[in-house]
Amino acid sequence: MVIVKIASKDARCNPQLDEALMRLAGQHTVRYSDQGFGVAQVRNRAVNRFLLEDAESHLLMIDADMVWLPETAAMIEDPRADIAYANYADKMGGLAHGGQLGCACLRISRRAALAITPPWFAFQHDAQGCADAACECSYFRAKAQAAGFTPTALCNIGHIVPVLAVPDGYAVKFQPLRVEI
Ligand SMILES: [Zn+2]
């Protein structure tokens, strides 16, 4: 498997993921994405390079702000589905994309990557081009389904998100910091 850590504007120091990737590097090709592009381009470049340069059967992309959980190993070990993803919490304190495919931890088989016409990922804009109307995940999900693939949720992955910490007696309670993105 080719595993690519996807840098994004939210990327920050995340030694937990780096340690998980270092462990996986013994048996898999692990690489780190380019910086300086929009995240949709970064994902497209990862798929394009996988198709052009690699011989492995699957590509796994993991965003830099995700936290590898023991169960996330299913993304490596569970062979079900040409397109598989892990569920994660969004920055608003809910399940990202309502449990539908999100790109933050996404596995694509070579077969599926070849069957889907590029670009694989793109942001959709409103008619005036002034605002994002849909993220690159829903764009990819629609193209995958049109190509005959059924994205499958295999497990969960952690997500580093900003939270508000509030004293609660001698303890602290954490609540989502509702950051609009
Ligand atoms: Zn999305």
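Visitor: So what's the strand order in the open sheet, and what's the pairing like?
Guide: The six strands run 2-1-3-6-5-9, with mixed pairing. Strands here are DSSP runs of E, at least two residues, and helices are runs of H or I, at least four, both numbered from the N terminus. Two strands count as paired if DSSP finds at least two bridges between them.

Visitor: Which strands are at the edges?
Guide: Strand 2 (29–32) and strand 9 (152–156), each pairing on one side only. From one strand to the next, the twist averages 20 degrees. Axes are lines fitted to C-alpha atoms, for helices over the stretch in contact, and angles run from 0 to 180 degrees between N-to-C directions.

Visitor: Is this experimental or predicted?
Guide: This is a predicted model: local features need pLDDT of at least 70, side-chain atom pairs count only at pLDDT 80 or more, and totals for chains, interfaces and linings use all residues. Residues are numbered from 1 along each chain as its sequence is written.

Visitor: Back to strand 9. In which sense does strand 5 pair with strand 9?
Guide: Parallel, over four bridges. Asn 87 stands opposite Asn 156 in strand 9.

Visitor: And what does helix 1 touch on the sheet?
Guide: Helix 1 (residues 15–24) touches strand 1 (2–6), strand 2 and strand 3 (58–63), and its direction makes about 165 degrees with that of strand 1. Contact means C-beta atoms, placed from the backbone, within 7 Å.

Visitor: Switching to helix 5: which residues are buried?
Guide: In helix 5 (residues 136–146), they are Glu 136, Cys 137, Phe 140, Arg 141 and Ala 144. Buried means 20 or more other C-beta atoms within 10 Å of the residue's own, exposed means 12 or fewer, and partly exposed is in between, with C-beta atoms placed from the backbone.

Visitor: What do those buried residues pack against?
Guide: Helix 2 (39–53), strand 5 (83–87) and helix 4 (110–115). After helix 5 comes Gly 148, with a positive phi near 95 degrees.

Visitor: Which residues touch the most other members of the largest nonpolar core?
Guide: Ile 6, Ala 46, Leu 59, Met 61, Ile 62 and Cys 105, out of 42 residues. Such a core is a set of buried Ala, Val, Leu, Ile, Met, Phe, Trp, Tyr and Cys residues joined through C-beta atoms within 7 Å. Helix 2 gives the largest share, five residues.

Visitor: What does Ala 46 contact?
Guide: Leaving aside neighbours within four places in sequence, Ala 46 contacts Val 4, Ile 6, Ser 33, Leu 59 and Met 61.

Terms used. Two residues are in contact if their C-beta atoms, placed from the backbone, lie within 7 Å.
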